Amino acid sequence: MFNLILFGPPGSGKGTQSASLIQHYGFKHLSTGDLLRSEIAAQTSLGMEAKQLMDKGLLVPDEVVVGMISSAIDQNPQAKGFLFDGFPRTVAQAEALDRLLEKKGTSIRLMLSLIVSEKELVSRLLKRGLTSGRSDDTNEGVIRERIAEYKRKTSIVADYYQQQGKFAEIKGEGSVESIFQSITSEIDKHPA
Ligand code: B4P
């Protein structure tokens, strides 16, 4: 089983590249952002609480996202491998993920980190905000807070996987296709 984490700041292309990677490799895609937005759309109490934080550019509590990922893993016993997109975003989430996968007799094979300048991140997210209807993409202040939250709590998660020898960086600027090629050539260096 090959389990991949696609990592990077908001707007770095995680969701965009995930769409092509699941087609190419048959991964089961688990995006905590998408799971949270489904809860918001269904107007559950979890979704309503998450929305308050997401609209400020802040992370949702670890226990909420870990609970969602745990049920999503349990609901997909036949998966050939998981692509984690936007998760883990804190060291506590990374540790919880290790424990969940260990119970299934598997582990993370690789974390790929998309490197994109802050100027480009802000410009991409503001552009997406024009059409996405996402309230966290329309306000530059909120976008900058999401990037600050990434620097405060998330960037350190890269060290966690680097120490385990499971980490590689990918240049995340350029065409979507050229970035996809760089990602697949890195994955193909790591047989399952
Ligand atoms: P997410 O849904 O994970 O969203 P994201 O980080 O904003 O976006 P992503 O990185 O996937 O976007 P992409 O680059 O593909 O998180 C939203 C919120 O949910 C968080 O702020 C947090 O509050 C909460 N949350 C989620 N997971 C959590 C967790 N684990 N713990 C706690 N809270 C959590 O796309 C960006 C834009 O760039 C698109 O418009 C795309 O078309 C464009 N783009 C992509 N590649 C490009 C390229 N090469 N060139 C030009 N444009 C490109």
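**View 1. Helices H6 and H7 cross with right-handed geometry.** A crossing counts as right-handed if the near helix is turned clockwise from the far one by less than a right angle, and as left-handed if anticlockwise. The model is predicted; local features need pLDDT of at least 70, side-chain atom pairs count only at pLDDT 80 or more, and totals for chains, interfaces and linings use all residues. Residues are numbered from 1 along each chain as its sequence is written, and side-chain values use heavy atoms, with hydrogens and water left out. H6 spans residues 118-132 and H7 residues 140-154; their axes come within 10 Å and cross at roughly 135°. Axes are lines fitted to C-alpha atoms, for helices over the stretch in contact, and angles run from 0 to 180 degrees between N-to-C directions. The angle makes H6 oblique to H7; under 35 degrees counts as roughly parallel, over 145 as roughly antiparallel, 65 to 115 as roughly perpendicular and the rest as oblique. Helices (H or I, at least four residues) and strands (E, at least two) are DSSP runs, numbered from the N terminus. On the H6 side the contact is made by Glu118, Leu121, Val122, Leu125, Leu126 and Arg128, which meet Glu140, Ile143, Arg144, Arg146, Ile147 and Lys151 in H7. Contact means heavy atoms within 4.5 Å. By class, this contact of H6 with H7 has 6 nonpolar, no polar and 6 charged residues. Ala, Val, Leu, Ile, Met, Phe, Trp, Tyr, Cys and Pro count as nonpolar, Asp, Glu, Lys and Arg as charged, and the others, Gly among them, as polar.

**View 2. Helix H4 packs against helix H5.** H4 (residues 62-74) and H5 (residues 91-103) have axes 10 Å apart, at an angle of about 25°. H4 is therefore roughly parallel to H5. The crossing of H4 and H5 is right-handed. Asp62, Val65, Val66, Ile69, Ser70 and Ile73 in H4 meet Ala92, Gln93, Ala96, Leu97, Leu100 and Leu101 in H5. The residues of this contact of H4 with H5 comprise 9 nonpolar, 2 polar and 1 charged.

**View 3. Helices H2 and H3 pack with a left-handed crossing.** The axes of H2 (residues 32-41) and H3 (residues 45-54) lie 7 Å apart, and the packing angle is about 120°. H2 and H3 are therefore oblique to each other. From H2, Leu36, Arg37, Glu39 and Ile40 meet Leu46, Gly47, Met48, Ala50, Lys51 and Met54 in H3. The contact of H2 with H3 divides into 6 nonpolar, 1 polar and 3 charged residues. The loop between H2 and H3 holds Gln43, which has a positive phi of about 55° although it is not a glycine.

**View 4. An open sheet of 5 strands has the order S2-S3-S1-S4-S5.** The pairing is parallel; two strands pair if DSSP finds at least two bridges between them. Strand S2 (28-31) and strand S5 (167-171) are the edge strands, each pairing on one side only. Neighbouring strands of the sheet are turned by 20° against each other on average, direction ignored. Strand S4 (residues 110-115) is joined to S5 by 5 bridges. Ile115 stands opposite Lys171 in S5.

**View 5. Phe2 and Phe27 form a tilted aromatic pair.** The structure holds 6 aromatic pairs. Rings of Phe, Tyr and Trp (its six-membered ring) pair if their centres lie within 6.5 Å; planes under 30 degrees apart count as stacked, over 60 as edge-to-face and the rest as tilted. The ring centres of Phe2 and Phe27 are 6.2 Å apart and the planes are at 50°, so the pair is tilted. Phe2 is in the segment before strand S1 (4-7) and Phe27 in the loop between helix H1 (14-25) and S2, so the pair links distant parts of the chain, 25 residues apart.

**View 6. A cis peptide bond runs from Phe87 to Pro88.** Its omega is near 0°. Pro88 is placed in the loop between strand S3 (82-85) and H5. Most peptide bonds are trans.
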